[in-house]
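Please read it with the coordinates open.

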Amino acid sequence: MTQPLRGRTIVVTRPRAQATRLADWIAEQGGEPVIFPLLEITPLADPAPLQAAIVRLGNYSLAIFISPNAVDFSLPAILASQGWPSGLRAVAIGQSSVALLARYGIGNALAPVDRFDSEALLELPEMQRVCVAGKRVLIFRGNGGRELLADTLRERGAEVDEVSCYQRSAPADAAPLQALWRSGQLDALTISSSEGLRNLVDLLDAPARSFLRSTPMFVPHQRIAELAQALAMQRVILTGAADAGIIAALRTHDWQRS
């Protein structure tokens, strides 16, 4: 069997719970995956705001889940407390979240099918003013993050509440990656979020940042690519969406020229 990644060490920077599929594929193709999450995902220290939102869940028309983590850190508590309200429509940013919702028994979730970001969700007919004006919307998310989705829905007349159901934080240091660069053993990185890329740059010392700028970086979204280029990254490869897009780009990349 052809193994296009044989001898290549590739860093997977997704949160640990979402890194397995891509890392396993890299290994199957002969590569050496290094899982190094650039976002650490942990439960909230204070679950009271989430519990309060769950009590009010039946008052909403739409519940939007920003990520698979938002599903995993909210659905167990929802189902244990009261079950899923019959009149509540689940909405997700991406198809991974749709599949995860289905595993929890929540079907018919609304989500984009081509691009997986807030902009794509906001383009859906069901998210236009005529459909959302006057409706109550609850967004399940991590701490911080972009406000585009909530702000736009409010501009369209929706009453929007947001609740954090997990905590995001940067890793303490990037010593494992810096050691790989110094020894010439790091061939590429996959970067799945703009926040993660900023975290990485902030963690690195000056020599490692120089290595980063010249290392192939596979990113699945135009917004991440634009940030990488603004940060002077020299070898940014824009892939298709999600893991499938990254896998396709890794498979066809000309490693001999890297």
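The points below cover the domain layout, the interface and the pocket.

1. The model is predicted. Its domain assignment gives two entries: domain 1 (9-39 + 172-252) and domain 2 (43-168). The C-alpha centres of domain 1 and domain 2 are 28 Å apart.

2. Contact between the domains involves seven residues from domain 1 and eight residues from domain 2. Putting domain 1 and domain 2 together buries about 600 Å², and carbon and sulfur atoms give 48% of that area.

3. Two salt bridges are found across the interface of domain 1 and domain 2. Separately listed is a salt bridge between Glu 119 and Arg 223, with 3.6 Å between the closest N and O atoms.

4. The volume of the largest pocket is about 1500 Å³. Its lining has 50 residues, and those closest to the pocket centre are Arg 14, Ile 66, Ser 67, Phe 116 and Ser 192. Domain 1 and domain 2 each supply at least three residues to this lining.

5. Which elements give two or more residues to the lining of the largest pocket? They are the helices α3 (68-72), α5 (95-103), α8 (148-155), α10 (194-203), α12 (222-230) and α13 (242-252), together with the strands β6 (136-142) and β7 (159-169). The most comes from α5, which gives six residues.

6. Sorted by class, the lining of the largest pocket holds 19 nonpolar, 16 polar and 15 charged residues.

Key. Residues are numbered from 1 along each chain as its sequence is written. This is a predicted model: local features need pLDDT of at least 70, side-chain atom pairs count only at pLDDT 80 or more; totals for chains, interfaces and linings use all residues. Side-chain values use heavy atoms; hydrogens and water are left out. On a 1 Å grid over the protein atoms alone, a cavity is a set of points where a 1.4 Å probe fits but cannot get out, and a pocket is an open set with protein on both sides within 12 Å along at least five of seven lines; lining residues have an atom within 4 Å of a point. Grid points are joined across faces, edges and corners, and a volume is the space filled by probe spheres set on the points. Helices (H or I, at least four residues) and strands (E, at least two) are DSSP runs, numbered from the N terminus. Ala, Val, Leu, Ile, Met, Phe, Trp, Tyr, Cys and Pro count as nonpolar, Asp, Glu, Lys and Arg as charged, and the others, Gly among them, as polar. Domain bounds come from an automatic or database domain assignment. Contact means heavy atoms within 4.5 Å. Buried area is the accessible area (1.4 Å probe) that two parts lose on being put together, summed over both. A salt bridge is a side-chain nitrogen of Lys or Arg within 4 Å of a carboxyl oxygen of Asp or Glu.
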